[in-house]
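User: Please take a close look at the aromatic rings in this model. I want to know how they group and what lies around them.

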Amino acid sequence: MLFFFGFSISMVMLATIYSENRGREIEDADVPFLQARSEWADSVLRQMSLEEKVGQLLAVVADPDTTGGQLPITHWLREYHAGSIIFNNYSYEQQYKRTLLYQSYAALPLLVGMYSDAQNDQFVEFPDDWSLAAVREDTLIGKLGKEVAHQSAQLGNQLYILPYRQHRSATVGKVLKVTSRMQEETVLACARFEYTHPFSKTSEQSRDSLWAPYKAMARSGISVLMLNPNLIVEDTVVSIAQNFSIKDYLHNHIGFKGLLVAELADSMDLTLYLTKLMRAGVDMVILRKDVDKACRTLIKLVKGNYLSEADINQKVRKILMAKAWSGAVDFHAAARREQLAETPPAAAPTLLSRRLTEAAITLVKDPQRQLPFQHLAGRRMYVLNVGGKLPEFNTYLGYYTSIHGQEVAISRKEGLTFRNKGELPLFNTLVMALNNIPLDTLMSGKVIEDLRQLKERHQVVVVNFGAPEVLAYFADFPVLVQAYNNRPLTQEVAAQLLFGGVGAQGRLPLKVGRQFAAGTGIQTQPTRLAYTIPEAVNISSVDLQQIDSIVKEGISEFAMPGCQVLVAKDGKVIYHKAFGHHTYSRRQRVRETDLYDLASITKVAATTLASMKMYETGKLGLDNLLGEYFKDKRILVDSLDMHEVRYTADTLLYEEYAAIYGELESGELDLIESGEVPRMNMERKAVRYQDSLVIVYHPTTLTLSNESNIFQVSIRELLTHHSGLDASLNIYPYMYYKGQQTSPFGVYFDRTPNGDYKVQVAGDFYMDRHQLDALWRDTRYLRLNENRNYKYSDINMILLHQAIDSINQYSMERYLDTQFYRPLGLQTLRYNPRRSVISSRLIPTEYDHKWRKQLLKGYVHDPTAALMGGVAGSAGLFSNANDLAIIFQMLLNGGNYGGEQLLEEETIRLFTQRHLGHRGLGFDKPPLRGRYPIASTASPNSYGHTGFTGTCVWADPDEDLVFVFLSNRIHPTANNRRLIDMRIRERIHEVVYDAIAQSRQYASLEGRITAR
């Protein structure tokens, strides 16, 4: 029965024909595959039986959800000679493996196709028609056609079925650029005509209007046209009676001469539809079931003279020529299998899909240039998802600023239905995201009235995820953005466009109402971080996968329960992941929005940042002495003026007043001898006596000289850690009363915030506010070491924090918020996050067994910062990786972010350059020798800081690179050094630099290939 005794000779012949015709230019009205040499097709056709011929007319849909496994398809291929396979909803690898399998069961090579709107996971996402037409740059359109062809070749596909269901004259031009490029690479392009208007009921003018885009396609040489079978079946009877056939119409009037196909739904009567489709001129029928029955039906139609064998031969010959031209018989299974194993699908298709989406979204109206959003400090934003949820849109908006919102139902009768309309007056900016709103819904007077009310009360930005015609109803709104579909990627990009992560590039592909002409589109430039894939900066995603491996190794070895890792290159976040869990109990996964205790990163993200701003505004001089920024440089205890003298234990202490070294006025005050003060631990710095807080010193007299007085230290020395101060404050006396360690409550601390116990240092743990005053005062009496060599010290930043507060006469926390954090739109970077962040987003650090007797969650781990109420210059900040990256990207941008100049470029250069050893001003620099938790390949110009809790942030201006690693390696104990010993941070950072180095090799190789 099988006739392919000369198959190997035919293969050689075909390869020659295929080679000669590859790259042939498409001429007007030429179908490329019909212009190829026909020797192979004619030779094969002469040897085929009727059963084999009718099998070639049938294409089987391979869909994992409907085929129920491979047995039926392989049976139809082997026993009934089905000639084609159309894939639907398979992954890239699954589809390839199925192609190999099905080809092995077919006696004649299969024509393999796929639906573009049910694409597998790694195939380039084909844009909808309006999005494609909105792209200005034709080069991108050509790349789409080439990429489709390239991936089709990788998978063994020869037929690509376009997603368009209702082509329009406004979009067909861009479609043709894609299909022409595909067919230049010998891939059969198939357009779909899914109208069901019966010809008998349609005027000639309407019929020609519907077919106009397809007429242009036919004249461009498109190879395949798919018709809705109902169009043919409903018209056939009338058409025959009126001596009118669709085949003749398509051939003579439209100019289409390629393959005509139709897909039968499972519910259709097989015999009825097959008969009418074949007689109407259809060449191939696509089926999901009953291939055996279809073959038997077609044979009966031929033998019963309902179809002529000459017609069957003509159809089969077309199919065979399409196979020959497209290289179907040139599919070498062994080579393909090896290729797939050695070369996994690249991310280029994903990048192309993203670029097409970015190029399509259109800023239609914005006369006041409100986009991208600026001045986030005063902006309160509310998002209405009108007509359905848009989760990715809301998520990506949240990367830029704090948003609130709700989903709003819309109907012609009810208008807009809010869950809580009372929230709206609290916000000054309203983003109205329209989710595929039907045009007829907007015709309601109630809907329009509700929309007008919103516009009158708020600054409204409309983002339309749907048909562009909808914008006609919003023409008088101030800002209009057109996103042509609601795909997840479109939602991501639209959110970034609002804030300047990407620039607006698209243009309207058609006229909308009377107001907006075709081609309308305002272009904008990026101003903030974008969120994309590594390939956007020429880095391979595969090269960054090692980060995942290192992190998972660290988690499995209990170096940390979880972490966040972020990498930004050239102003684009290319890697942003959360790993593991909050704790080793594994009850709650880490999310990208969760907050970590930054520990000493506070020194740069808070104190140094504030110092930079105050330096450039003239409030802080680097070489000025610390004492210049304090009005009172004397030691004060209550009303007793001790004037830079430490008194011995037998000194008389006065409760209200005493003259400096003077005599008392008789009878004015009661005297309190130090001996009357309750017995003290000599290491103590302060005790309570009656209602006064008394500072008591070691029983020796010490006068602070100019050399040992902290007020003689310069700001530069504090920032470079060359002040001569010890590493940390002696806080032990402030933590325990009279050596009491069993319970901290009773004197200094209480479980409830009452009376003077107002300073919260942990959960249900409050300190007497006088104790905080004593700590601040005692800080002034720190003695300087004679040696001013480098010594890393928390005290430096604590003193600088005091100076900043003294200069501004308000808290550094408030200063940072107004100058940086709110203008940058930061969501999580803050002190004392428990005041404003839900507990589930706070990642715990150590279980403090010694002092606070609890798991620290949302309370600063550093005990000195805790005693200072959680706000210190050395520690106290919490954040996620995204907010920290924004700060350092602002620094890399020369102080500009979101269109606002927050710092001068010269200030940043001064503070981040090397000053002494491996120190900048506040910032760490790569060490001149020895190890540090960053990559050894980081440039000398790079800078950043680490934190005791297991954190790191590093910026490299030479590479425009930001690296953020956040973890809670000290959970549940600070004794855990595995993160340090395993060099987790360094190794991840090294992966990033290795990937950058590899990307330069990619670019170099590409240049050499181009040069050839």
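Analyst: Ring pairs join Phe373, Tyr396, Tyr399, Tyr400, Phe499 and Tyr531 into a cluster. Keep in mind that this is a predicted model.

Tyrosine 531 has a bridge partner in S18, valine 573. The two strands involved are S16 (residues 530–531) and S18 (residues 572–580); they run parallel and are joined by 2 bridges. On S18 there is also strand S17 (residues 562–569), which runs antiparallel to S18 with 8 bridges between them. Within that pairing, leucine 566 stands opposite histidine 576 of S18. S17 and S18 form a hairpin, with 2 residues between the strands. Aspartate 570 sits in that turn and has a positive phi of about 55°. In a regular strand, side chains alternate between the two faces of the sheet.

Now the wider count. The aromatic pairs come to 31. Take tyrosine 382 and phenylalanine 427. Their ring centres are 4.9 Å apart and their planes meet at 50°, so this pair is tilted.

Phenylalanine 888 and phenylalanine 923 make another pair. Their ring centres lie 6.3 Å apart with planes at 90°, so the arrangement is edge-to-face. This pair also links distant parts of the chain. Phenylalanine 888 is in helix H28 (residues 881–892). Phenylalanine 923 is in the loop between helix H29 (905–912) and strand S37 (943–947), 35 residues away from phenylalanine 888.

The charged end of arginine 814 sits over the ring of tyrosine 810, 4.2 Å from the ring centre. Lysine 455 lies over the face of phenylalanine 477, at 5.9 Å from the centre of that ring.

Last, the setting. The chain has 1012 residues, and 58% of them count as buried. Its secondary structure comes to 31 helices and 39 strands. Among contacts with a separation of 6 or more, 73% are between residues 24 or more positions apart. The accessible surface of the chain is about 41200 Å², and 47% of that belongs to carbon and sulfur atoms.

Methods: Residues numbered from 1 in each chain as written. Predicted model: local features only at pLDDT ≥ 70, side-chain atom pairs only at ≥ 80, totals over all residues. Heavy atoms only, no water. Phe/Tyr/Trp six-rings, centres within 6.5 Å; stacked < 30°, edge-to-face > 60°. Helix = DSSP H or I, 4+ residues; strand = E, 2+ residues; numbered from the N terminus. Lys NZ or Arg CZ within 6 Å of the ring centre and 35° of its normal. Pairing = 2+ DSSP bridges. Buried < 20%, exposed > 50% of the residue type's maximum accessible area, 1.4 Å probe, protein only. Contact = heavy atoms within 4.5 Å. Areas by Shrake-Rupley, 256 points an atom, 1.4 Å probe, with all protein chains shown as cover.
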